[in-house]
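Please view the structure alongside the points below.

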Amino acid sequence: LPLLLKATLLRLASASYHPFYNGFYYNHIMNDDGDGQDKVDYFSGTKLVVETSKDPVYSYNGANVTLPCHFRYEPDLGPKRKIRIKWSKLRDDYTKEQDVMVAIGKTYMAFGDFKGRAHIRQASRHEASLVISDVRLKDDGKYRCEVIDGLEDESDVIDLRLQGIVFPYQPPRGQYRLNFHEAEQVCRDQGAILANFNQLFQAWSEGLDWCNAGWLADGTVQYPIRLPRKPCGGVHLAPGIRSYGPRHRHLHRFDAFCFSSALKGEVFYLDRQAGMTLEEAKQSCQDEGAEIARVGQLYSAWKFLGLDRCDAGWLADGSVRYPIATPRANCGPAEPGVRTFGFPSKGRFGVFCYRER
């Protein structure tokens, strides 16, 4: 035991003169008082630099995407060193990180929803790019690429944005009936997720104008206004995103802003001469090897595939809607959009079906 203790103390003493050696060098600077206390350690010699794309990387639901990340040493240290690579997904406010993947050499481990979908691409000596397959709606966001070499730890952040559409949603019960958790669920039920602020802002910049407040993914309640008017914050406020700020996730009730991305399949319309009830509509889709379309799928088909049909059809939530890409007489307002008849308790209509490709 005394010999072991002595060896440990010797190593600790040695470390006080050379805190770590891995090709990097640290100098101790004495403070101005000359009392023998260290003022600061400064780094000299080789510098580790990590770089990702400064521009966002765009993808869509179901696609494969690569988030580029490269590192280098200044000056170059020659042959590749055995470093640790860590990828994390950030919250919008940077307060919390979700582990995505850790890699050391050719050994790596992915976490959570990224298991089986993520790996590191190391096509070159100093590459640490992240490859995500079968991209999902909630993959949208900021990612941190972190490279660790001994005591050196450098990182950079890259933005993954999904091409998609934001749509406001009210349940059959009517306006302002959803708490935050119910809003999350109704968006999932429609093949979507709660939109984040950046997605809502993008939708507003593309023309979304909606006077009803809705939940966003961060627990805030907001709504986009292009044309200021009295019931929507007043005529004297500039156009923009109106915000109620964070609301109580259980007690307060609003609508929801959902986000859906491009589709892996197709939406098509079926009809019978006499129309169909909702149950008949669901069966008709199944007979075609499909399922009745969800609201998010209809919006995505309208936005990304140019779906244009001036015939009303059932959707999975019991609503009746139709998409118009080219406005014309007898097909609703003069602007493109998805028209709605609400949630009729009875009636016979066609149906929109969705089928995977």
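The points that follow are grouped by topic.

This is a predicted model, in which local features need pLDDT of at least 70 and side-chain atom pairs count only at pLDDT 80 or more, while totals for chains, interfaces and linings use all residues. Residues are numbered from 1 along each chain as its sequence is written, and side-chain values use heavy atoms, with hydrogens and water left out.

**Sheet**
- Six strands form an open sheet with mixed pairing, in the order S4-S13-S12-S7-S8-S9; strands are DSSP runs of E with at least two residues, and helices are runs of H or I with at least four, numbered from the N terminus.
- Strand S4 (57–59) and strand S9 (107–110) are the edge strands, each pairing on one side only.
- Strands S12 (residues 141–149) and S13 (residues 152–162) pair in the antiparallel sense over nine bridges; pairing requires at least two DSSP bridges between two strands.
- Glutamate 146 has serine 155 of S13 as its bridge partner.

**Nonpolar core**
- The largest nonpolar core has 85 residues, and Trp87, Tyr143 and Phe352 are among those with the most contacts inside it.
- Such a core is a set of buried Ala, Val, Leu, Ile, Met, Phe, Trp, Tyr and Cys residues joined through side-chain atoms within 4.5 Å.
- Tyrosine 143 is in contact (heavy atoms within 4.5 Å) with residues including Leu67, Trp87 and Leu130, leaving aside neighbours within four places in sequence.

**Glutamine 190**
- Glutamine 190 lies in the loop between helix H2 (180–189) and strand S15 (193–194).
- Glutamine 190 counts as buried because its relative accessibility is 5%, where buried means under 20% relative accessible area, exposed over 50% and partly exposed in between (1.4 Å probe, protein chains only).
- Not counting residues up to four places away in sequence, glutamine 190 touches Phe167, Tyr169, Arg294, Val295, Gly296, Gln297 and Asp317.
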